[in-house]
Amino acid sequence: MKPKEPLVPLERTVTVDLGRRSYGVRVGPGLLDAMGDAVAALPGVTGAAIVTDSNVGPLYGLRLSDALAAAGVRPAMIEFPAGEANKNLSTVADVLDALLATTPAVDRSTVVVALGGGVVGDLAGFVAAVALRGMRFYQCPTSLLADVDASVGGKTGVDHQAGKNLIGAFHQPSGVMVDVETLKTLPRGELIGGLAECVKHAVIRDASLLDYIEGRADDILACHSDVMTDLIARNVAIKAQVVAADEREAGQRAHLNYGHTIGHAVEALAGYGELSHGQAVALGMVAANHLAVARGLLDEQSRGASSGC
């Protein structure tokens with residue numbers, strides 16, 4: 001067991017530096033209640049369309065709606081069936097229909113708020129990218145996977161029968177609010193799947209993060225707020241650095257795809273929903289390590305060290 005590192009304050013903010021389109025990622029406990037003020041602070045906002053799924057909506061939809069209303073932002077709720085199998089153009093059409101049917105009518109003073117895991121964030125972000133030729137949106141992720149990966153960087157989109165995430169757009173959010181307390185309602189398997197993305201970031205950018213994950217494993221699985229705040233902020237900082245250097249994946253941002261190339265194939269072959277995205281990424285990283293050894297790009301000791309996910 002590695003020694004435990006000291007903890008940091010309970011709330012942290014990481015900046016994704018993209019010039020005029022820069023935004024902050026706030027991480028900490030209880031931040032769902034701060035979403036109203038955060039959205040209201042955006043210039044000219046009058047309303048918000050909360051896009052969520054049938055799992056997360058009943059848990060946190062009313063709380064977020066109340067926070068928005070209390071801040072003077074008129075809320076509307078749009079819910080779609082949960083699951084990767086519903087991350088497609090048919091669901092996009094349904095969400096767009098609901099969005100454009102809200103009363104009063106949406107316009108560019110309306111902000112789309114994505115409340116949920118990676119499927120919700122990807123789909124809601126894509127809806128925001130295409131509705132009215134581009135609407136502002138705010139990410140409010142509720143899974144570890146979305147906290148450390150999908151909510152940051154502006155990749156939005158949906159799946160196609162030919163492959164995962166083949167239809168989409170780069171559309172950066174106005175901000176990201178990570179309430180670590182929402183992780184306490186995650187199934188254990190989903191939490192472990194999210195850790196696969198944390199391991200990915202550690203392997204490609206920060207070996208000390210692997211030691212941190214090992215040393216704090218019990219606290220992470222127990223979703224201790226201080227540990228989760230630190231873990232998520234460290235991962236977001238890694239992704240933010242890569243995105244700031246290569247927003248549209250022309251070069252080094254491809255490093256973030258470690259484990260995903262094979263993982264996406266595994267998801268497609270297994271049938272979307274049979275494996276979680278995190279499970280598929282973990283398998284993809286292990287497979288990528290084996291291929292690297294076979295090609296003489298990685299030694300056996302390093303393969304074992306980086307396959308511990």
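**View 1. Lys239 and Asp149 form a salt bridge in this predicted model.** A salt bridge is counted when a side-chain nitrogen of Lys or Arg lies within 4 Å of a carboxyl oxygen of Asp or Glu. In this pair the closest N and O atoms are 2.9 Å apart. Lys239 belongs to helix 9 and Asp149 to helix 5, so the contact ties together parts that are 90 residues apart in sequence. Helices (H or I, at least four residues) and strands (E, at least two) are DSSP runs, numbered from the N terminus. Lys239 is buried, with a relative accessible area of 5%, and Asp149 is buried at 11%. Buried stands for under 20% relative accessible area, exposed for over 50%, and partly exposed for values in between (1.4 Å probe, protein chains only). Through shared partners, salt bridges join Asp149, Glu197, Lys200 and Lys239 into one network.

Residues are numbered from 1 along each chain as its sequence is written, and side-chain values use heavy atoms, with hydrogens and water left out. Because the model is predicted, local features need pLDDT of at least 70 and side-chain atom pairs count only at pLDDT 80 or more, whereas totals for chains, interfaces and linings use all residues.

View 2. The side chains of Glu247 and Arg21 meet at 2.8 Å, N to O. Glu247 counts as buried at 16% relative accessibility, while Arg21, at 43%, counts as partly exposed. In the other pair, Glu84 and Lys164, the closest N and O atoms are 2.6 Å apart.

View 3. Helix 9 has 21 residues and reaches 30 Å from its first C-alpha to its last, close to the 30 Å expected at 1.5 Å a residue. The expected span is 1.5 Å times one less than the number of residues. Helix 9 is mostly covered, with 16 of its 21 residues buried.

**View 4. The largest nonpolar core has 38 residues.** Such a core is a set of buried Ala, Val, Leu, Ile, Met, Phe, Trp, Tyr and Cys residues joined through side-chain atoms within 4.5 Å. Those with the most contacts inside this core are Val16, Val25, Leu144, Ile213, Met228, Leu231 and Ile232. Elements that give two or more residues include strand 1 (12–16), strand 2 (23–28), helix 5 (144–150) and helix 9 (225–245). Helix 9 provides the largest share, nine residues. Beyond its neighbours within four places in sequence, Leu144 is in contact with residues including Leu183, Leu191, Cys198, Met228 and Ile232; contact means heavy atoms within 4.5 Å. Another core, of 22 residues, lies apart and includes Ala49, Leu96, Val112 and Val158.

**View 5. Helix 6 is covered by several other helices.** Its buried residues include Leu191, Leu195, Glu197, Cys198 and Lys200. Among the elements that cover the buried residues are helix 5, helix 7, helix 9 and helix 11. The 18 residues of helix 6 should span 26 Å at 1.5 Å a residue, and its end C-alpha atoms are 26 Å apart, which agrees.

View 6. Strand 3 (residues 47–53) and strand 5 (residues 110–116) run parallel and are joined by six bridges, with Ala49 opposite Val112.

**View 7. Strand 1 and strand 2 form a hairpin with six residues between them.** The two strands run antiparallel and are joined by five bridges. Arg12 stands opposite Val27 in strand 2. In the turn, Gly19 has a positive phi of about 65°.

Notes: Pairing = 2+ DSSP bridges.
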